[in-house]
Each structure stands twice: as C-alpha cells, then as structure tokens.
Amino acid sequence: MQSPNPLKQSSFTLPVDDDDKATVFRPFSLSPPHMRAFHLAWLSLFSCFFSTFSIPPLLAVIRRDLHLTDADVGYAGIASFAGSIFSRLAMGPICDVVGPRLASATLSLVTAPVILCTAFVNSAASFILIRFLVGFSLANFVANQFWMSSMFSGCVVGLANGVAAGWANVGSGVAQLIMPQIYELVLSLNVPLNTAWRVSFIVPAVFQTVTAILVLVYGQDLPNGNYGDYKRESMKKKEDNNFFQVLLNGLGNYRGWILGLLYGYSFGSELTTDNIIAEYFYDRFGVNLQVAGMIAASFGMANCFSRPMGGVLSDELSRRFGIRGRLWGLWVVQTVAGLLCVLLGRVKSLWSSIALMCAFSVFVQAASGLTFGVVPFVSKRSLGVIAGMTGSGGTVGAVVTQLLLFSGSTFSRQASISLMGVMIVLCTIPVTFIYFPQWGGMFCGPSKDHSLVAEEYHLLE
C-alpha cells in the first residue's frame, strides 16, 4: 500500500500516492477530482437504485390496475435481478475500455426512458419486460466501484468503495418512502387513480437523467484526466488493450470468480431478504402492513453505515496485517452473518427476530464492503471485469436463492431463512483459496519468486 508523495500534493487538494490516488477519504469535501468523483459516483448510483425500486412501493396499485397475478409479480421481481446480471457483466469490460464516467452516464441516459415507459405498460408481459430493462441500470454499481478504485489509494479504497456503495444503496429505501408520497400528491391534483401512478414515474426518470448529465459535465475518470487522454498516451507507447484482451484477462483470473461467489451470498442474500422480510414478519408474527414495512425498511437503511463500516474494517486490517487481514476479515464477518441468518429463522418471538434481523443486516452488508475491499487488488489491468464479475455474482446469488428457497412451498419461510444462512456459511469457505503472489493469502506469505508479480496487476500498462 503506497504512502503519500509530498512532491505531488501541490497539484491536488488531497494528499496522493505515486499514482496520484488520494490517500485520505473526506466524504464531506467536494475537492476535485477525487472527492467530486466520489459524490458524483454515489449520487448517480443512488438515482439508479431509486428508479429500480420505485416500482415496488406502488405495486399494490399497479397490480390492481393491470390485473397482475402473484406469479406475474414474482416473475417481474426475478426479471429485475436477471437484467442486472447481464448488464453488470458487460459494464466491467466497458469501464476498462471507455472509463467509468462515460460508461455510467451512458447507462443512466439509456435506462432513464425505460423507467418513464412504466407509465405506458398495459399487460403483465409489458410490466415484466419493463422490470427486466430497468434492472440494467444497477450495473452503474460496477462503474461506481471502478471509479473509486481509480481515484483512491489502497490504504483507503475499501472505505471509499464501502461509502460510495452504501450511500447509493440507501436509494432503494428512500424510494420506498418517497414514491407513495409522490403518488398521493398527484392524486391530490384530481388526477384519476389509474393515471396517477403512471405520472409518478416522471420523477425517478428525470432524477436519473439529471445525475447522468452531472457525471458527464463535472466528472473525471482518473486523477490526471479522462480515459480518452489516457488511451491516447497508451497508443503512443504502442500498447494493445482492446476490449477482448481486457475481458479475457479478467475472466481468466480465478480470484474474480471466488469473489463473485462470496458476493452472491452477501449482497445476494441482502437482496433476497429485502424481497421477503416484510411478508415474513406479516405472516409469522401478525404485525400489520405498516409495521412490517417499517421493519423491512430498517434492514435496507442500515446500508448507510454498515457497508462503509466493512470498508473501514478492511482498510484497518490491511494496515495491520496486509492482504491477509482483508481476507480473514471477510471470512469472519460473512460467516457470522450466515450464523445470524440461521438463528433468524429459528427464533420464535417478534422482538428476538427484529434484533437478529438488525444484527444480520449489519454483518451481511459489512461483508459486501469487505468484498469490495479486496476487488481492487485482484487485477488492475482488468479491474472493471473483476468488479463486473463480482457485482454480477450478487444478483446471480439472489436469483438462485430466490428460486431454490423462496419460490415454492417445499420449505416453510423460517426454514428457508435458516437454509439461506447455511448457504452463506458454506459459500464463504472458498475465500481461503485466494492467494496473491506479491502479498500472500490467508495461510501463506508472499511468494519469493518475483517473476510471479505479473503484468496483470498493472492498470492497462
């Protein structure tokens, strides 16, 4: 991990390392280019979460108007995850080729009209299609993490990634609170019920468009400029870094696949819980819909501090123990999350369940932050691909868990929650296989063979 370079501090507001990446993280600063990029990244992703989750709060009204069945609603939920899988996979190598600024803004501008088209759906098929396409916007998560890894040094990158993603994820909770108010406001203007919910989607569409324009106008890919300038410099050195080369370098790195699996049962488990937890408390403990919704909202809103906390822990363990600390921290926190999930399905009292759910939310979200505390060190050459593989793993895990445990009557809801906890514990074990020649792994030190420190660890050099 690099230390600040005093010779370069004169050209930046923040202290930087030899690659001009910031070595401190000040979330309430707007200092360009590092902190400005941070605020643009989290706000842009926040708008995408807000858009994607603007539909569920109005689902009761939408399903009555479109005559949707329970199966239609279930397929629409899975479709929204499926769209995110494909787009996150593609976003990684796109970031490697064109940079996070252009990739993020383009995706937001392309998907903003899709959320607006929600106003024109008139059948179950069109509703499912819209949810599938809107889910593509969540690929902005990959650009978000790529951007932070390009702007912040290894000593604070876990914190930067954690806060940027954590604050953005709160967008889903804000949508749950705000969209019903927008709908009620439109109704108060004497707009018919079957039109009011359609008009409400103008707000998330405009919000997402505005943040995309801000990213284009004020954003900067790298501390010293944009990717276009960087690639022109690379061409002068006759370097070949085409899309397929970058993609193959990333796909061939086994660490990315392991991190994708782990993220599938940290963030993926979080997504699954978001889908089922309100219904679980409503059915099992007999609370009313408003109370069940408040309990469920508290699970998602914990992202405001729990995911950043995972990033802070990853950076602190790295300062003390190097990459070994990051890996051990990830294994311990995600394993504890799995055990808490097992207990959540076993307890029988309301207040014990709420307490365990809150503890589970903190640990499972912190595990997501710890995962992306490791991602920037896997392959700088194909950083976007690795981030895309890991991010896609989250939505793949959500789809698999939803289909296996929560889409039928094979298991009771409480048994399914406990089994999800078992899956979290088991799928965390492969982190023990991650090894970096220059830094080591959980059980081994760095390699003495310096030739193993290969070209794959350099950013498009």
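**Close-up 1. The largest cavity and its lining.** Helices α7 and α13 (267–285) each supply at least two residues to the lining of the largest cavity. This view, like those that follow, comes from a predicted model. Of the contributors, α13 gives the most to the lining, with four residues. The residues to look for around this cavity are Phe 49, Phe 53, Asn 169, Ser 172, Phe 267, Glu 270, Leu 271, Asp 274, Gly 300 and Asn 303. The space inside comes to about 60 Å³. Counting cavities of 30 Å³ or more, the structure holds two.

**Close-up 2. The largest pocket.** Here we turn to the largest pocket, with a volume of about 1,900 Å³. Its lining is made up of 47 residues, and those closest to the pocket centre are Pro 56, Leu 59, Asp 274, Asn 275 and Ala 278. Two or more lining residues come from each of α2 (59–66), α3 (70–98), α7, α13, α14 (289–301) and α18 (383–405).

**Close-up 3. Phe 25 and the largest nonpolar core.** The largest nonpolar core has 100 residues, and Phe 25, Phe 38, Ile 62 and Phe 152 touch the most other members. Helix α7 gives the most to this core, with 14 residues. Centre the view on Phe 25 and, leaving out residues up to four places away in sequence, you will find it touching Met 35, Phe 38, Phe 152, Val 156, Leu 159, Ala 160 and Val 163. Another core, of 27 residues, lies apart from this one; its members include Ala 292, Ala 296, Phe 299 and Leu 344.

**Close-up 4. Helix α9 and its buried side.** Helix α9 runs over residues 202–218, and its 17 residues should span 24 Å at 1.5 Å a residue; the end C-alpha atoms are 24 Å apart, which agrees. Which residues of α9 are buried? They are Pro 204, Ala 205, Gln 208, Thr 211, Ala 212 and Val 215. These residues cover an arc of only 135° around the axis, so they sit on the same side of α9.

Close-up 5. Twelve of its twelve residues are buried, so α6 is largely enclosed by the rest of the structure. Among these buried residues are Phe 141, Phe 146, Trp 147 and Met 148, along with Asn 140, Asn 144 and Gln 145. At 1.5 Å a residue α6 should span 16 Å, and its end C-alpha atoms lie 17 Å apart, which agrees.

Close-up 6. Buried or partly exposed: what is Gln 414? With a relative accessible area of 28%, Gln 414 is partly exposed, whereas Met 423, at 19%, is buried, because the cut-off for buried is under 20%. Setting aside residues up to four places away in sequence, Gln 414 touches Tyr 280, Arg 284 and Gly 345. With neighbours within four places likewise left aside, Met 423 is in contact with Tyr 265, Thr 401, Leu 404 and Leu 405. Met 423 and Thr 401 are 22 residues apart in sequence, and their C-alpha atoms are 8.9 Å apart.

Close-up 7. Begin with the cis peptide bond that joins Pro 32 and Pro 33, where omega is about -5°. Pro 33 is in the segment before α1. Next comes His 67, in the loop between α2 and α3, a residue other than glycine with a positive phi, near 60°. His 67 is exposed, with a relative accessible area of 67%. Finally, Asn 190 lies in the loop between α7 and α8 (193–199), and its phi is also positive, near 65°. Asn 190 counts as exposed too, at 72% relative accessibility.

Definitions and conventions. Residues are numbered from 1 along each chain as its sequence is written. This is a predicted model: local features need pLDDT of at least 70, side-chain atom pairs count only at pLDDT 80 or more; totals for chains, interfaces and linings use all residues. Side-chain values use heavy atoms; hydrogens and water are left out. The expected span of a helix is 1.5 Å times one less than its number of residues. Buried means under 20% relative accessible area, exposed over 50%, partly exposed in between (1.4 Å probe, protein chains only). The arc is that of the directions from the helix axis to the C-beta atoms. A nonpolar core is a set of buried Ala, Val, Leu, Ile, Met, Phe, Trp, Tyr and Cys residues joined through side-chain atoms within 4.5 Å. Contact means heavy atoms within 4.5 Å. On a 1 Å grid over the protein atoms alone, a cavity is a set of points where a 1.4 Å probe fits but cannot get out, and a pocket is an open set with protein on both sides within 12 Å along at least five of seven lines; lining residues have an atom within 4 Å of a point. Grid points are joined across faces, edges and corners, and a volume is the space filled by probe spheres set on the points.
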